[in-house]
Amino acid sequence: MRTLIAGVLALFLVLSGCSRLDNSKRLRIITWSDYVPADVAAEFEKETGIHVELTLSNNEEMISKLHATGGAGYDLAQPSQDRITGVQREFGLYRPMDLSQVKLEQFRPEILAITRRIATLDGKLYALPYLWGSEGLVVNSKYTTVSDYGDLCRADLKGKTSMRLRRPTLMAFAFASGKDPFALYDNPKAYEALMEDVGKTLSACKSNVRFFFDNRDQLLNGMRSGEVVAAMMWDTGGWTLNRENPDIRYVVPKSGALGWLDTFALPYKGRNDAGAYRWINFTMRPDIAARITRKVGNWTAARGTEELVDQTMRAQFNASFPGGAFSGINWYPAIPAGLEAQEGRILDRVKAAN
Amino acid sequence: MVDIGDATPVRAWQRRLILILLLAPALLWLFALIVLPHVQLALLSLRERVAPHVYQPSLAQFHTFFAEPLYWQVFVRTALLSIVATALTLLVAFPIAWVITKVARGRASALLFVVCLIPFWVSETVRALGWLILLRESGVLPALLVKLGLTAVPVELLYHDATILTGLVYTSLLFMVVPLVSSLESLDNSLIEAAYDLGASGFATLKNIVIPHAAPGITAGCIVVFMLTLGNYLTPNLLGGKNSQWFTELIYTQFIVRFNWEQGAAFGFLLLGLSTAIVAVGLRLSGQRFVDVMRRS
């Protein structure tokens, strides 16, 4: 009995010790790798006294972790904008943004408008834009040329291409088949039929795929070694490779690149909203935002950074998108709940195809 | 129980209390970390989402499993490959264990054992990545094959079933060697000599003397290896690549990528049922009793 009492006491002490940690002095962010450069976090701590704690993740894991705790454990999350409203409606993981706390004038208005359109639910905005970019094709022009997603399935590229076994690939091949999957989000029957078709295309294409990549480095290494000569990939990966080897280029496919945008979102049970807003305002300051963009290689949503970012990268971007980002990119709209279960079955079948 | 003597007689209820208190941490651990989560998973697997925040009890998750050929095909495939991997591990581990216990003496035997153990000092991830470096098309082994003139161009050795099996056997070897060593150690050498003296062939000695004696160790090793293999996520995923199709991957995908915890929970229970059933069948076929096997191993 005495040990039991001692144990309970010890537990109580430990718990009360935890809660005495000052929540206003730390900011727990769950985000993508590279998204928070160490020097930026250090400068933020110097300016505000708030210590940034990072957890590195990706969209699915981010949402799964928040789902498991009902939105606790982190003060700021950075999912993509298409993952906000569906998840919010289904699991209620986020809190709406208090726009009076945010310096909205720091954001590029055209990008803020996209996020407003996609991440608003019941009149409340649940996310603010942070970084964005596009996904298209990367090709080693020494060996071959490609102009659209479908070219990855050409007979002469057997065993030499790569893609992710994730929903962007389904979307890309749907666009390549001449359809607009985003327009069919609200029409489950037609959408399912389209996905079935795309699944068949991808299953037939599987022998062309050397491996389905799970992370950026895996693909970069495949491209560097020449094992993969053409792949579906993010623009920055292509530009990174281009700087190392001018033969490797990022190509905007004929049917359009896919536009993604990662956001700031407040987890439902976050404990330091004030700190989160300070962080948002801090990282959107032109000098800091430009530094992040230089470091990460993705474009910031902050305005007034054009002259501050890496000019090579700007030139690469202008070469890939002569008409500007907002003409050649299909932006992901919010994913309705239930859609992913449907797509998941298609992806599982592709994985199992021979 | 310690007999404290006549001076301070320990009453039955006190004795029982002591026993309960001693067992309490283990029972608490079992209950909180194993029973409770499984109860919750069971409840999850038996419901279906009909609208946001609205769930109703249903068998839809299990129905999906049987209705979609892919899922039960992967299920059967995982079971069969796990059985093959277990059998291969036994074939590889038995000679090793034999050499350690019966051929090598003293330090040599200890050294051999350590050699088996050393790969386990690094994590499974690192070992699997090591195989990746060896087997990928631009890797060590394909380059060696080209150099030896066996193949004209480097061949891709990754992403085949054989690669997965190699990786699985490699990762689980130690878990077969340990119980085999302990059961072979207790085998008296004079029994083997007697068998030979009586004119038995090597095979007959193995079949009639060695294997019956080592049976509990073999069974224990097989059970452990089979369960590790069936539940392995990393090795099939890394070495199997686009063709791995391991059932644990489906579970991971449902939970983490699709946010479909109901489906994932149902898959988890199906896997639990499968491993229980196969172990039960294995015990029945080998004529062993689970309790004996666990005690002897």
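Mentor: Let us start with a convention: angles over 145 degrees between axes count as roughly antiparallel, and those under 35 degrees as roughly parallel. Please note also that this is a predicted model.

Trainee: How are H11(B) and H12(B) oriented to each other?

Mentor: The axes of helix H11 (residues 247-257) and helix H12 (residues 261-286) of chain B come within 7 Å and cross at roughly 155 degrees. Angles over 145 degrees fall in the class just defined. H11(B) and H12(B) are therefore roughly antiparallel.

Trainee: In which hand does H11(B) pass H12(B), left or right?

Mentor: The contact involves residues of H11(B) including B:Phe247, B:Leu250 and B:Phe255, which meet residues of H12(B), among them B:Trp261, B:Phe267 and B:Leu271. The residues of this contact comprise seven nonpolar, four polar and no charged. The crossing of H11(B) with H12(B) is left-handed.

Trainee: Turning to chain A, which element gives the most to the side of domain 1 that touches domain 2?

Mentor: The domain assignment places 23-132 + 260-315 of chain A in domain 1 and 133-259 + 334-352 in domain 2. Between these domains of chain A, 15 residues of domain 1 are in contact with eleven residues of domain 2. On the domain 1 side, helix H4 (85-91) and strand E12 (257-264) of chain A each supply at least two residues. The element that gives the most, with four residues, is H4(A).

Trainee: How far apart do the C-alpha centres of these two domains of chain A lie?

Mentor: The touching side of domain 1 of chain A divides into seven nonpolar, four polar and four charged residues. Between the C-alpha centres of domain 1 and domain 2 of chain A, the distance is 27 Å.

Methods
Residues are numbered from 1 along each chain as its sequence is written. Chains are lettered from A and ligands numbered from 1 in the order in which they are written. This is a predicted model: local features need pLDDT of at least 70, side-chain atom pairs count only at pLDDT 80 or more; totals for chains, interfaces and linings use all residues. Axes are lines fitted to C-alpha atoms, for helices over the stretch in contact, and angles run from 0 to 180 degrees between N-to-C directions. Angles under 35 degrees count as roughly parallel, over 145 as roughly antiparallel, 65 to 115 as roughly perpendicular and the rest as oblique. A crossing is left-handed if the near helix is turned anticlockwise from the far one by less than a right angle, and right-handed if clockwise. Two residues are in contact if their C-beta atoms, placed from the backbone, lie within 7 Å. Ala, Val, Leu, Ile, Met, Phe, Trp, Tyr, Cys and Pro count as nonpolar, Asp, Glu, Lys and Arg as charged, and the others, Gly among them, as polar. Domain bounds come from an automatic or database domain assignment.
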